[in-house]
Each structure stands twice: as structure tokens, then as C-alpha cells.
Amino acid sequence: MGGQPGITFELLDGTQAAAHADELRALHAEVCGRDDDGSFAGRFRVLRRQPGFVLAEARHGGYLVGYACGMPLRPSTSWWRHLTAPLPDEVTTEHPGRTFALVELLVRASWRRQGIAEALHGQILAKRPEERATLTVLPTAIPAQRAFRKWGWRKIARTRDAEPGSPVSDVLIITLGQGSSACWGPP
């Protein structure tokens with residue numbers, strides 16, 4: 001996977017990922033361009049404890065170059081709560097096995113354009129039992145928007161967190177294969 005020799009990929013559950021929390025926080029701060037104020041640690045602690053949480057990591061030797069993480073949405077999820085326009089209940093109603101949320105996909109700048117993000121994306125979604133996956137991405141994140149469209153995602157809504165001044169994000173969705181791999185074509 002990926003276009004770079006020497007890159008290894010591994011899937012981790014929440015307990016395994018906890019052992020890498022400091023590396024993940026550092027990579028997150030580097031890619032997102034801001035120092036961590038403790039919010040990453042708290043958010044990551046909550047995420048990794050969710051049932052079904054999974055993290056795909058990419059390493060060159062022992063050096064973390066990227067990761068993707070997510071978890072299945074529960075029926076009580078707040079994922080669809082802050083949409084800027086309502087969607088039909090048949091889109092937003094969750095049941096076990098319906099939706100996997102891809103929460104983060106990050107690659108260090110010096111390792112981009114080598115197929116690592118696509119490989120992480122494929123690994124985390126491969127063999128998922130859910131019917132579909134969802135994610136949010138800023139409309140201004142043009143390279144990410146292009147990549148997700150290329151990989152078969154489509155925009156279905158916009159969302160904004162409840163905090164004042166929160167940016168608007170696009171909500172994307174993709175149909176997953178029946179437990180085998182992500183569906184790379186348009187759903």
C-alpha cells in the first residue's frame with residue numbers, strides 16, 4: 001500500500017492506540033498547525049473508548065507519518081444534530097451497523113503525495129461491516145475535498161458545531177462494500 005517503500009500500515013484498537021497517544025498528539029499538532037491545549041488528549045481519550053474504535057497508522061521505520069481513526073456511530077449519536085439544513089430521517093436515523101464515522105485522516109506534510117493518505121483511507125474502511133461511512137471536512141480544505149471526491153465520497157449536508165464562531169464543515173458520505181472493502185465508485 002502507498003507509493004513509498006518502507007511504509008508499514010497497522011490497525012489498532014483503542015487500547016493499542018492509547019500507547020501511541022503522545023505521538024498522535026504531536027502529529028495532530030504539526031498537521032493542524034497549532035499547539036495542543038489539552039483538547040486533543042481529552043477528545044482522543046473519549047474517541048478511543050468508543051465501541052468499535054479503530055486507528056490505522058502509517059510508519060516509516062518506527063516514525064509515525066500518518067494516521068486515520070474512527071468508530072461506528074451509535075443510535076444515540078449527535079453526529080447529525082448540528083446540520084445547517086435538515087435531512088430526512090431515513091438519512092440521519094442510526095442503528096447498529098449502519099454508519100462508520102471517519103474522524104481524522106492526517107499525513108505529515110513531507111510525506112504527502114505518496115499515496116499514504118489513500119492507503120490509510122483504504123485500510124481503515126476495508127472490511128468494515130457498516131453500510132456506509134461519513135466524515136466532515138472544511139470546504140476550504142481543497143486537497144482533502146478533491147481526494148475524498150476521487151475516492152467516491154459525496155457531499156450530503158453541511159454542519160456547524162454549537163460553539164460560537166465554529167466553522168461550517170461539509171458532511172460527506174460513501175457507501176461501503178458488504179464487509180469486503182470500500183466502494184470506490186460513486187454510491
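Contact here means heavy atoms within 4.5 Å. That applies throughout the legends below.

This is a predicted model, so local features need pLDDT of at least 70 and side-chain atom pairs count only at pLDDT 80 or more, while totals for chains, interfaces and linings use all residues. Residues are numbered from 1 along each chain as its sequence is written, and side-chain values use heavy atoms, with hydrogens and water left out.

**View 1. The whole chain, element by element.** The protein chain has six helices and seven strands (DSSP runs numbered from the N terminus: helices are H or I with at least four residues, strands are E with at least two). Read from the N terminus, the order is β-α-α-α-β-β-α-β-α-β-α-β-β. Take the contacts between residues at least 6 apart in sequence: 67% of them join residues at least 24 apart. Of the 187 residues, 41% are buried (under 20% relative accessible area; exposed is over 50% and partly exposed lies in between, with a 1.4 Å probe and protein chains only).

**View 2. Inside the largest nonpolar core.** A nonpolar core is a set of buried Ala, Val, Leu, Ile, Met, Phe, Trp, Tyr and Cys residues joined through side-chain atoms within 4.5 Å. The largest one holds 25 residues, and Ile116, Leu120, Ile124, Phe148 and Trp153 have the most contacts inside it. Among the elements giving it two or more residues are strand S1 (7-12), strand S4 (99-107), helix H5 (116-125) and strand S7 (168-175). H5 puts in the largest share, five residues.

**View 3. Zooming in on Phe148.** Forget the neighbours within four places in sequence, and Phe148 still touches Leu102, Leu105, His121, Leu135, Val137, Trp153 and Leu172. Elsewhere sits a second, separate core of 14 residues, including Leu27, Phe44, Phe53 and Leu106.

View 4. S2 and S3 run antiparallel and are joined by seven bridges (two strands pair if DSSP finds at least two bridges between them). Look for Leu55, which stands opposite Cys69 in S3. Two residues lie between the strands of this hairpin, where Gly61 takes a positive phi near 65°.

**View 5. S3 against S4.** S3 also runs antiparallel to S4, again with seven bridges joining the two. S3 is mostly covered, with eight of its 10 residues buried.
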